[in-house]
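Reader: Please take one part of this model and look at it closely, following its pairing and its surroundings with care.

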Amino acid sequence: MALHQISHHFSGTRERASLPQTVHCGVVGSGDLEVLLEPKALAGGIEVSICTPVTGFDHIWEIVLKRFLENGPLGNMQVSINDNNATPAVVALRIQQALQQAMPGETHHE
Amino acid sequence: MLKEHNWHQLKDDTAQRLNQLAPYFRDGKIIDAKDTVAVLEAVIRSFDRVNIEGNNQKQADFLSECLCQLDPQKIYGLHMVQSSVPLSSHLDLFEKGIAEKLDFAYAGPQDGRLAKLIQDGKIKLGAIHTYLELFSRYFVDLTPRVSLITAFEADKDGNLYTGFNTEDTPVITEATHFRQGIVIAQVNKIVDKVPRVDIPGDWVNAVIEAPRPFYVEPLFTRDPGLITDTHVLMAMMALKGIYAEYGVERINHGIGFFTAAIELLLPTYGEELGLKGKVCTHMVLNPHPTLIPAIESGWIQSVHCFGGELGMEKYVAERPDVFYIGQDGTLRSNRAFAQAAGHYALDMFIGGTLQIDKYGNSSTATASRVSGFGGAPNMGCDAKGRRHATQSWLKCGEEFNATQQQLIGDMPRGKRLVVQMQETFREKRQPAFVDKLDAWELAEKANLALPPVMVYADDVTHVLTEEGIAYLHRCEGLEQRMAAIRAVAGYTGIGLAADSAQTAQLREEGIVKTPEDLGIDRRRANRQMLAAKSIRDLVDWSGGLYNPPARFRNW
Amino acid sequence: MNDLRFLEASARVRASSLVDKGTFTELIGPADKRTSPHLPVLNEAVEFDDGIVTGIGLLGQHPAIVISQEGRFIGGAVGEVGGAKMVGALMLADELAAQTTDPARRPIVLIAFETGGVRLHEANAGLLAHAECMDMLQTLRGRVPVVAMIGSKIGCFGGMGFVAAATDVIVMSESGRLGLTGPEVIEQEMGRSEFDASDRALVFRTTGGKHKYIVGDCNYLIADSLEAFHQQAALIADLDWPQIEAMRRIGSEAKVRAQMALTQKISESAPSDARDVWAMAGNTAPQSLVDMDLETFLSNVKRLPVEEA
């Protein structure tokens, strides 16, 4: 047994601002997750890697990531997630919080 | 007229039983605890309908344990009629063959075992009721022959003091005594004079001082420390999108964390919205500790209680302008009256559930647990006999007109607000929105006549999730209602089937509102918003009057 | 942000709030992605900081090395990576101490404990980390004050209870708990009649801040706010050595003898509850201390004297 790894790549076809700074959000508590956003030159694209004990939910991950990252405001970033059984609603919340933190002028919020 | 007919057979039978009880009286109606089993054997006959006072809080636990000690060769086939069966001894009766039939309302922690016993044929199930429904049947076709009740104190004449936790005692005693039944009470203490007569002594046949105080469960205490940011977000949505929108004054809150969060947001977010004095002024509710900050801030004008809550005794006694209090200074609760009030006199029921189906029916049943209904359905429905009008009831009725007109033409009528709050996923990522309720599977497994539905879709007016509020009663027809449910069902299978154009249309029409539509800043939705963040804070708010049970202390 | 409870704060928020505003720099933070090598094979979720935040900031002119444990990640249990980060932070304090003789710039170590001790999934590495921490505390002895900050949900138990005991100063809030064997383990080993772990009032009056203050296991009992912990840290950073040394509960033969004498005295009185011990200290209505607010408590409470034998 080992932790399940999920990877995604969203190409830089859409107009997105570059992630200006590294951002971290969340704690890997039970039913929760952490999201790390790091600047990376990907021609506007986004790379996502997820590490989770949960299997069988890959399609839900994809839907959530598409909604908030692919259709989100920021690109040129590496998104790394450690998950511990979070519900899709919590995943969506933490990703939104991380993106909000990353936007210029936003104060740190945890 | 048949001259030969004996019209007082019940009375004769009772006299004969009481005759057998007589030798055990020590002083007045007092019987020694050691004689309890013998006394029960003297007054109970096989196939009797018997009530053990099992409320959802206080329990006649000693009498229940003694009943289990009867010889099943001598006494068997009892038909238990009681509101709750949360103690293992309640079900041991069936395992031992002393009892065989059950009519009840709520199973609490015994829900899994109850399902198994029904499935194994050890329990013949009459029906699962709501409290008010079962109490009503006590006066029709389920009157107990013998009732084993419980109180704090008794005197030798049998006068009972039920104190803080009166709960079901009056309704059980009235139904039993006035149909020639026998009433036996276990009490914590025999005293010379009770502080207040809650049950008159001549309705009670015998009193027993139990070897230990009766068991009470602190069922309504929610630790503010466990309220999450999502609970706060949903509570903000409820306050802005429902309480404020309709000006709801008279309310019952469910017992979960969602409503605890609402109670703790009244003095903060509610104040900010300018709602004080305009909403949530009258409540039918147990004395929830999380209500303390709202009461102390002057939000709440009155609270009538089903039962008490451990640790709230002193606080309630010191707030007689708000609670219903006896001359002795303690709370008078009464489940039957509170349920009736909840059914007829409230404008809104708001609470959590476990599962909601694609039509909006909701249930707390799972496939292997018969948990029962308790009292929620009596509040989570439209009271069809209601005739008095309030602002929120009328507004909700107007919005329901599209549907209502098809049955009553242009006649105006109000509607109760029934709000189901639920995160789209429960723990372990179980979806809260499902195609088909687990209740169907349970009905099949446990041979129930119907799937146990807590709140039917036609009664639900609002479904509130972290995604948004669906104003179901504003919809025209089932198709639109289902689309509104899909729009707030998030990433569940039901939610993923939502059509984005249709959802946009529903938002346009005000049938679905997201936090953004309501003008709620998600970043403010965190625990900082709570008026109390811990049990300790509640003690502070109460000026030291609230004395939480040991298990809730972290100091 | 600083009106936030210490009790509710995450390890990272606690770490940055203990030092002066805006001065905190995290070392080996999430972006370094030093996750546990042991958890993945057990299919257990990992965290980029392995549940321990380490970093440095300032308290006035004092460099403050901060270690902060996250109770929400595996109960704050210490494994190989998190343990190594703790040890590394203590080594950094040692290096910084060697660079100055100016008392105004003397480093200080602040450890915000929230842990049950060793992480059982990687017990050998975790235990070793405990030993290395204890070793480093000896190295820092007399040069860098090490302060335990205890006021988070899990409390400080297990092997880390020993580490906390070996620090120079212990600061607690009334919601903080300090002990060796956790309540659940005591119940499991000794039976429910001996110790009912579900009776939280019992648990807190046996391991909580107020009790530890009365028996002298903690030096300061303070309010449950990030600001109160920050202010207390700043105050301690400015103390001179004799004052710091005086606050140690153990660390010399005389101190150990005094502790043993106290233990002897308490056990001779055969207390059946912590309240009996409070009464021994001269508190005539011990139960009344439980619900007392901090200010009233501090001005009324009588503490057990730990007299040097």
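Author: In this predicted model, β3(A) and β4(A) run antiparallel and are joined by 3 bridges, where strands are DSSP runs of E of at least two residues, and helices runs of H or I of at least four, numbered from the N terminus, and two strands pair if DSSP finds at least two bridges between them. The two strands form a hairpin with 6 residues between them, and in its turn G26(A) has a positive phi of about 100 degrees. L36(A) in β4(A) is the bridge partner of H24(A), and L36(A) also has S80(A) in β7(A) as a bridge partner. Towards β7 (residues 77-84) of chain A, β4 (residues 32-39) of chain A is held by 8 bridges, again antiparallel, with V35(A) standing opposite I81(A). Helix α2 (residues 88-102) of chain A packs on the sheet, touching β3 and β4 of chain A, and its direction makes about 35 degrees with that of β4(A); contact means C-beta atoms, placed from the backbone, within 7 Å, and angles, from 0 to 180 degrees, are taken between N-to-C directions of axes fitted to C-alpha atoms, for helices over the stretch in contact. Of the 8 residues of β4(A), 6 are buried, that is, with 20 or more other C-beta atoms within 10 Å of their own, these atoms being placed from the backbone.

The open sheet as a whole has 5 strands in the order β1-β5-β7-β4-β3 (chain A), with mixed pairing. β1 (4-10) and β3 (23-25) of chain A stand at the edges with a single partner strand each, so one side of each is left without a neighbour in the sheet.

Residues are numbered from 1 along each chain as its sequence is written, and chains are lettered from A and ligands numbered from 1 in the order in which they are written. As the model is predicted, local features need pLDDT of at least 70 and side-chain atom pairs count only at pLDDT 80 or more, while totals for chains, interfaces and linings use all residues.

Notes
Two residues are in contact if their C-beta atoms, placed from the backbone, lie within 7 Å. A residue is buried if 20 or more other C-beta atoms lie within 10 Å of its own, exposed if 12 or fewer, and partly exposed in between; C-beta atoms are placed from the backbone.
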